[in-house]
Amino acid sequence: MVEIVFLGTAGSTFFGDNFTPSILVDNILLDCPSPCPYTLSRLGWLDKIQLILLTHVHPDHSLGVLELLWHLWIEGKGRRIQIIGPTGTQKFFENLLREIHPSKYQDILSHGVFFEAEPSTKIGNISFYRAKHTVKALAVRLDFRGASVCYTGDTSPTRELEEGFRDCDLLIHEATYPPGMEEEAEKDGHSTPIQAANTARKVNAKYLALIHLPYARLGPQIEETYLSSAKKIFSNTFIPKPMDKFILEGGNLGYKS
């Protein structure tokens, strides 16, 4: 049994009480935008996080790591957290911290245990694949307790992801652009709900969750269009709300109230 919590699902920037993508899969955090550490602390879940997987360092996916490192340093308990991201992740945060606190940046950075993964890297039950985005980016597959969760991060469709995500139970796929804008999405390293549904069908996924929707730009009413266009291709499609909780067990996904 695997528990999945969609902490934030908005695309590119916050909208109302919904912040940008961050998904908690048991004790593994997939992406960490700036509101994430506070949200986890408020819920009493911050100490349960054992690993943060960053798909890329764009601010809507990563700046919560900066907040968390600062928090752990101020807290003074010596706690460190493991962070895995694409090549250049540690240098990215080192440069930011050097600007913020030139005399203490190394101390603050030391609260993160960084590992930089390449596409095709496999660490235990975690597999990484190349995402097609505007910067170095990874997509992630988690296989444990008889369940598989795949997360695209930001990407346009690729053959590599189709092969790596084959037969997954839950595919969490970005859908930044609305249906009908497939060409524009690919040029920008993103996807539409139609492309996400096609990927779900090709990989033989059991469920498809659409996230990274452009709520700030197009409003919440886009969900109806997104769902209807995706369901025509892949019927087991849903759009999670912030703080939605699910249990994945035996290939079946159930909502946890």
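## Salt bridges within helices

In this predicted model, the side chains of Lys-187 and Glu-183 form a salt bridge, with 3.5 Å from N to O. Both residues belong to helix α6, which covers residues 182–187. Lys-187 and Glu-183 are four residues apart, about one turn of that helix. Lys-187 is exposed, at a relative accessible area of 68%, and Glu-183 is likewise exposed, at 55%.

A second pair sits in helix α5, residues 159–164. Here Glu-162 and Arg-159 are three residues apart, again about one turn of the helix. Their side chains meet in a salt bridge of 3.7 Å, N to O. Is Glu-162 buried or exposed? Glu-162 has a relative accessible area of 12%, which is under 20%, so this residue counts as buried. Arg-159, on the other hand, counts as exposed because its relative accessibility of 60% is over 50%.

## Other salt bridges

Side chains of opposite charge can pair when their charged atoms come close. How many salt bridges does the structure hold? There are 12 of them. One of these joins the side chains of Arg-141 and Asp-143, at 2.9 Å from N to O. Arg-141 is buried, with 10% relative accessible area, while Asp-143 is partly exposed, with 29%.

Salt bridges can also link up into a network. Lys-91, Glu-94 and Arg-98 are connected in this way.

## The sheet

The model contains an open sheet of eight strands. What is the order of the strands? It reads β6-β5-β4-β3-β2-β1-β14-β15, and the pairing is mixed. Two strands form the edges: β6, residues 112–117, and β15, residues 252–256. Each of these edge strands pairs on one side only. From one strand to the next, the twist averages 20°.

Which helix packs on the sheet, touching β4, β5 and β6? This is α2, made of residues 59–75. The strands β4 and β5 that α2 touches span residues 51–53 and 81–86. The direction of α2 makes about 155° with that of β5.

## Two residues with positive phi

Most residues other than glycine have a negative phi. Two residues in this model can be set against that background. Ser-12 is not a glycine, yet its phi is positive, at about 75°. Where does Ser-12 lie? Ser-12 is in the loop between β1, residues 2–8, and β2, residues 22–25. Its relative accessible area is 43%, so Ser-12 is partly exposed: the value falls between the 20% limit for buried and the 50% limit for exposed.

Asn-204 also has a positive phi, near 65°, and is a residue other than glycine. Asn-204 is found in the loop between helix α7, residues 193–203, and strand β12, residues 207–211.

Technical notes:
Residues numbered from 1 in each chain as written. Predicted model: local features only at pLDDT ≥ 70, side-chain atom pairs only at ≥ 80, totals over all residues. Heavy atoms only, no water. Salt bridge = Lys/Arg side-chain N within 4 Å of Asp/Glu carboxyl O. Buried < 20%, exposed > 50% of the residue type's maximum accessible area, 1.4 Å probe, protein only. Pairing = 2+ DSSP bridges. Axes fitted to C-alpha atoms, helices over the stretch in contact; angles between N-to-C directions. Contact = heavy atoms within 4.5 Å.
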